[in-house]
Amino acid sequence: MRELGDLVVDLSTRGDRATAVYRALLDAVRSGRLEPGERLPPTRALAADLGVSRTTVATAYDRLVAEGFLTARVGAGTFVADAARPVRPPRRGTDLAPRPGWDQQPHPTSGSTPKPAHDFRVGIPDARLFPFDTWRRLVTAELRVGAHDLGVYADPAGYPPLREALARQLALSRGVTATPDEVLVTHGTQQALDLVTRVLVAPGDIVAMEEPGYPLARDVFTSYGARVVPVRVDDEGLVVDDLPPSTRLVFTTPSHQFPTGPPLSLERRRALLDFAGRHRCAVIEDDYDSEFRFTERPLETLHSMDDAGRVLYLGTFSKSLVPGLRFGYLVAPEPLQAALRAALQLSVGYVDVPVQAALARFLEDGLHARHLRRARAAYGERRALVLEAVHGPLSAHLELVPCQAGLHVTTTLRDQEADDTDVVRRAAEHGVVVEALSSYAVTGRPRGIVMGYGAAVTESITPGLARLAAVLGAAPSTPPRRPR
Ligand SMILES: Cc1ncc(COP(=O)(O)O)c(C=O)c1O
């Protein structure tokens with residue numbers, strides 16, 4: 001490190017010396033240590049002081065002149081440009097405030113926490129199963145010059161061959177009959193929820209939600225000023241009879257009620273469609289993890305029973321691939337398409353074209369189906385181990401909510417006065433991460449433990465749940481919450 005007055009140039013590291021001199025001068029100008037109008041030493045003099053070649057200093061000066069921080073006057077020397085005002089230090093606070101409603105939104109959740117020893121987080125697939133090499137090959141192929149015209153803006157609805165592939169796959173695997181024009185490619189379910197709400201829901205409208213239900217859907221609805229009404233679920237799913245008559249939108253997870261588990265019964269499906277027809281309301285069918293079914297019989301979708309165009313069908317690749325790719329889709333009737341596409345364009349434009357094209361290949365070449373077969377086998381094994389523990393060491397404290405699909409198992413506490421959040425906190429202290437059923441419910445009921453097995457290491461499941469059983473057996477660390 002050499003010093004010239006207060007000009008500090010770090011020449012100790014290897015690399016481009018001209019860049020080091022450039023950075024030091026830029027820093028001095030920006031911080032105000034070199035003031036506008038001040039004359040810089042001649043290149044020869046500064047070079048001698050710094051022990052670098054004159055060309056090195058001249059290159060740094062030229063760059064700063066080109067960027068407008070210095071001006072060179074022929075015969076007079078090089079000066080700090082008048083326009084090069086020092087940058088003010090960053091401000092700390094602000095007197096701006098989010099508009100009402102946003103100040104109460106929960107903070108964004110981040111999954112990038114260290115992986116716990118016994119990982120039963122809900123809704124997380126196993127990224128180790130993801131075929132990275134195949135995916136890299138497909139994306140690389142789509143990034144070749146000429147593969148796509150990336151110099152123009154693309155269709156906000158999504159890459160047409162991907163929409164065609166999705167329409168074909170949905171017809172085959174879910175009985176969802178849709179033309180490619182009815183399919184929109186989104187950044188996950190989350191963006192689809194945002195689009196639907198933005199287009200269909202006005203502030204003050206009633207949105208009915210399953211209770212317990214998916215918090216990130218609830219938060220979207222409230223962020224648009226909707227009045228979210230929690231509606232009970234039982235062992236047949238959403239209790240349709242409890243829907244308020246003036247409901248504008250119903251959010252439901254018919255294949256695998258989130259988070260409790262049962263599918264919406266056939267009778268309730270009919271009742272829900274009937275309700276939607278009578279009250280002219282829309283229904284969001286969030287089909288988030290039905291790729292993972294552990295029975296022979298595939299579950300029908302609500303969309304396939306709807307002949308009035310009231311069901312908006314949402315799907316995601318967050319479970320069947322990985323959430324980090326942010327791929328989802330929305331199937332909506334043609335008359336809503338223009339508004340939904342406009343909303344999509346206004347929010348993110350569209351999903352990156354080359355990765356959409358890679359996903360289209362992944363689906364069309366049968367690679368997704370192959371990945372699902374492998375993943376299903378791995379998850380099936382983990383699920384069996386969780387169920388073994390629920391029927392074994394955990395059975396004194398927890399009761400299983402029967403269900404045949406997805407990546408998690410839900411239980412209720414036999415003692416409904418016990419505090420599930422306290423159990424979760426104490427389990428985490430023992431390296432066992434599970435979730436409290438009450439945390440998905442605005443009423444805080446029912447209480448129970450939800451155990452994801454997507455991300456769990458197979459060998460850690462049985463010992464992890466033995467620890468959970470020990471935690472459940474020990475006395476609570478806090479007095480039980482008062483019953484509501
Ligand atoms: C009920 C429900 N819907 C959808 C999703 C997927 O959301 P996204 O596609 O935004 O990742 C999840 C993920 O946990 C979920 O639990």
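This is a predicted model: local features need pLDDT of at least 70, side-chain atom pairs count only at pLDDT 80 or more; totals for chains, interfaces and linings use all residues.
**Entry 1: the four-stranded sheet**

E14 and strand E15 (residues 408-413) run antiparallel, and three bridges join them. They belong to an open sheet of four strands, and I wrote down its order as E14-E15-E18-E17. The pairing in this sheet is antiparallel. At the edges I found strand E14 (398-400) and strand E17 (435-436), each of which pairs on one side only.

**Entry 2: domains**

Next I checked how the protein is divided. I noted domain 1 (2-80), domain 2 (130-365) and domain 3 (372-473). I also looked up a distance: the C-alpha centres of domain 1 and domain 2 lie 57 Å apart.

**Entry 3: the eight-stranded sheet**

Then I turned to another sheet, an open one of eight strands. Its order took me a moment to trace: E6-E13-E12-E11-E10-E7-E8-E9. Here the pairing is mixed.

Strand E7 (residues 206-211) and strand E8 (residues 227-234) run parallel, with six bridges between them. In that pair I saw Ile-206 standing opposite Arg-227 in E8.

Which helices pack on this sheet? I have two in my notes. Helix H6 (residues 188-200) touches E6, strand E10 (247-252), strand E11 (282-286), strand E12 (311-316) and strand E13 (328-331). The direction of H6 makes about 155° with that of E12. Helix H8 (residues 266-279) touches E8, E9, E10, E11 and E12. For H8 the angle I noted is with E10, and it is about 155°.

**Entry 4: the ligand**

Last, I looked at what sits around the ligand. I listed Gly-188, Thr-189, Gln-190, Tyr-214, Phe-258, Asp-286, Tyr-288, Thr-316, Ser-318, Lys-319 and Arg-326. Which element gives the largest share of this shell? It is H6, with three residues.

Thr-189 has a backbone N or O atom 2.7 Å from one. Thr-316 uses a polar side-chain atom, at 2.6 Å from a ligand oxygen. Ser-318 also has a polar side-chain atom 2.6 Å from an oxygen atom of the ligand. How much of the ligand does the protein bury? Taken alone the ligand exposes 400 Å², and I noted that 90% of that is buried by the protein.

How values were computed. Residues are numbered from 1 along each chain as its sequence is written. Side-chain values use heavy atoms; hydrogens and water are left out. Two strands pair if DSSP finds at least two bridges between them. Helices (H or I, at least four residues) and strands (E, at least two) are DSSP runs, numbered from the N terminus. Contact means heavy atoms within 4.5 Å. Axes are lines fitted to C-alpha atoms, for helices over the stretch in contact, and angles run from 0 to 180 degrees between N-to-C directions. Domain bounds come from an automatic or database domain assignment. A residue is near a molecule or strand if one of its heavy atoms lies within 4 Å of it. A polar contact is a pair of N or O atoms within 3.5 Å; within protein, one must be able to donate a hydrogen and the other to accept it, and residues adjacent in sequence count only if both atoms are side-chain atoms. Accessible areas come from the Shrake-Rupley method with a 1.4 Å probe; for residues, only the protein chains shown count as cover.
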